[in-house]
Amino acid sequence: QVQLVESGGGLVQPGGSLRLSCTASGSIGSISAMEWYRQAPGKPRDVVASITIGGRTDYADSVKGRFTISRDNAKNAVYLQMNSLKPEDTAVYYCYVIRTLPSGTYDYWGQGTQVTVSS
């Protein structure tokens with residue numbers, strides 16, 4: 001099993017910044033990708049950004065140029081730097097980890113952290 005602990009959410013004014021962190025523990029071998037999702041009230045959970053073990057990144061169009069995903073393999077951590085935040089970025093943000101093993105692919109979710117962008 002993999003346990004994911006997220007932190008860094010909160011209330012910020014439009015145009016502000018936040019940095020989310022997610023640390024993995026437990027059976028953390030063979031992590032192939034780490035991602036951030038978000039879910040606003042009444043909307044589906046959508047991917048925001050992803051990063052592979054090799055460092056390749058991908059972003060949702062709505063956050064390109066404003067958000068940066070990074071990872072520290074030594075700490076088994078993934079981060080999401082969010083700049084120029086907008087009210088529409090308000091959501092619960094979830095860390096998502098994928099492990100690829102000979103027996104198959106396994107995925108894990110964090111508990112979520114609330115991000116609220118409001119004046």
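User: Is Asp89 buried or exposed?

Analyst: This is a predicted model, in which local features need pLDDT of at least 70, side-chain atom pairs count only at pLDDT 80 or more, and totals for chains, interfaces and linings use all residues. Residues are numbered from 1 along each chain as its sequence is written, and side-chain values use heavy atoms, with hydrogens and water left out. Buried means under 20% relative accessible area, exposed over 50% and partly exposed in between, with a 1.4 Å probe and protein chains only. Asp89 has 0% relative accessibility, so Asp89 counts as buried.

User: How far apart are the closest N and O atoms of Arg66 and Asp89?

Analyst: A salt bridge is a side-chain nitrogen of Lys or Arg within 4 Å of a carboxyl oxygen of Asp or Glu. Arg66 lies in the loop between β6 (57-59) and β7 (67-72) and Asp89 in the loop between β8 and β9, so their pair ties together parts 23 residues apart in sequence. Arg66 is buried, at 10% relative accessibility. The closest N and O atoms of this salt bridge are apart by 2.7 Å.

User: Which residues are linked with Asp89 in a network of salt bridges?

Analyst: The side chains of Arg38 and Asp89 also meet in a salt bridge, at 2.9 Å from N to O. Arg38 lies in strand β4 and Asp89 in the loop between β8 (77-82) and β9 (91-101), so this pair joins parts that are 51 residues apart in sequence; strands are DSSP runs of E with at least two residues, numbered from the N terminus. Arg38 is buried, as is Asp89. The residues linked with Asp89 in the network are Arg38 and Arg66.

User: Which residue forms a salt bridge with Asp61?

Analyst: Asp61 is exposed, at 66% relative accessibility. The closest N and O atoms are 3.2 Å apart, and the partner is Lys64.

User: How much space lies in the largest pocket?

Analyst: On a 1 Å grid over the protein atoms alone, a pocket is an open set of points where a 1.4 Å probe fits, with protein on both sides within 12 Å along at least five of seven lines; lining residues have an atom within 4 Å of a point. Grid points are joined across faces, edges and corners, and a volume is the space filled by probe spheres set on the points. For the largest pocket this comes to about 170 Å³.

User: Which residues are closest to the centre of the largest pocket?

Analyst: β4 (31-39) and β5 (46-52) each supply at least two residues of the lining. Of the 13 lining residues, the closest to the centre are Arg38, Ala40, Lys43, Asp46 and Glu88.

Key: Helices (H or I, at least four residues) and strands (E, at least two) are DSSP runs, numbered from the N terminus.
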